[in-house]
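Morning, everyone. Let me put the model up, and then we'll walk through a few local features.

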Amino acid sequence: MGPTGNCGRLIPCDNVRYANLMSQPTLSSLRQACVIVRAGGRCGTGFFVRSDLVLTCLHVVKDAVDNQSPIIVELRSRSVAAHLSSYDYEQDVAALRLDDPVGEIAPLSIAATGYKISVRQAVEFFGFPSSANSSGQLFHGEVDDVCGQDLRGGSALVIYSRNIT
């Protein structure tokens with residue numbers, strides 16, 4: 001499995017320090033800041049980095065952008081329309097600007113310093129895979145490969161979890 005819910009930029013394998021991983025948020029702050037992104041028949045996880053900006057993976061919204069379909073960010077209390085603000089195809093990252101900024105959400109912090117990740121390191125991650133309900137799911141797992149590749153051949157952190165089949 002690739003880095004679901006964590007679309008941070010991955011530094012090349014010869015230097016396994018990941019500069020853009022999230023700092024240690026609480027489960028409560030994850031549940032509040034993580035959202036469901038629906039676009040062009042696809043569904044994925046996104047997270048607030050500002051009251052008007054959500055980061056997600058580009059593959060979640062690409063078809064909607066290509067077909068000019070709506071992009072909807074689902075919060076606990078309401079849904080908000082969004083549009084693609086910027087993206088990085090190589091890193092599979094998309095920034096979505098909300099048409100109506102949300103003030104009541106505390107954005108997640110992005111760590112500014114390097115953090116060493118190693119194989120078999122225990123990790124937790126949160127998201128909205130198809131098996132989760134609308135409140136999301138916390139996953140426990142371990143790093144399987146720090147130098148993995150995604151389906152396009154890009155760098156990917158490979159995580160194994162018994163929660164996902």
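First, a definition: rings of Phe, Tyr and Trp (its six-membered ring) pair if their centres lie within 6.5 Å, with planes under 30 degrees apart counting as stacked, over 60 as edge-to-face and the rest as tilted. The structure holds 1 aromatic pair. The ring centres of F125 and F139 are 5.3 Å apart and the planes sit at 15°, so this pair is stacked. It links distant parts of the chain, with F125 in strand 7 and F139 in strand 8, 14 residues apart. Both F125 and F139 are buried, meaning under 20% relative accessible area, where exposed is over 50% and partly exposed in between (1.4 Å probe, protein chains only).

Ground rules. This is a predicted model: local features need pLDDT of at least 70, side-chain atom pairs count only at pLDDT 80 or more, and totals for chains, interfaces and linings use all residues. Residues are numbered from 1 along each chain as its sequence is written, and side-chain values use heavy atoms, leaving out hydrogens and water.

Now the sheet. It is open, has 3 strands in the order 7-8-9, and pairs antiparallel. Strands are DSSP runs of E, at least two residues, numbered from the N terminus; two of them pair if DSSP finds at least two bridges between them. Strand 7 (122-127) and strand 9 (155-160) are the edges, each pairing on one side only. Strand 7 and strand 8 (residues 137-149) pair over 6 bridges. Within strand 8, L138 stands opposite F126.

Last stop: R78. You'll find R78 in the loop between strand 4 (71-74) and strand 5 (79-88). R78 is partly exposed, at 30% relative accessible area. Its side chain makes a polar contact with the D100 side chain at 3.0 Å. That term means a pair of N or O atoms within 3.5 Å; within protein, one must be able to donate a hydrogen and the other to accept it, and residues adjacent in sequence count only if both atoms are side-chain atoms.

Note on methods
Helices (H or I, at least four residues) and strands (E, at least two) are DSSP runs, numbered from the N terminus.
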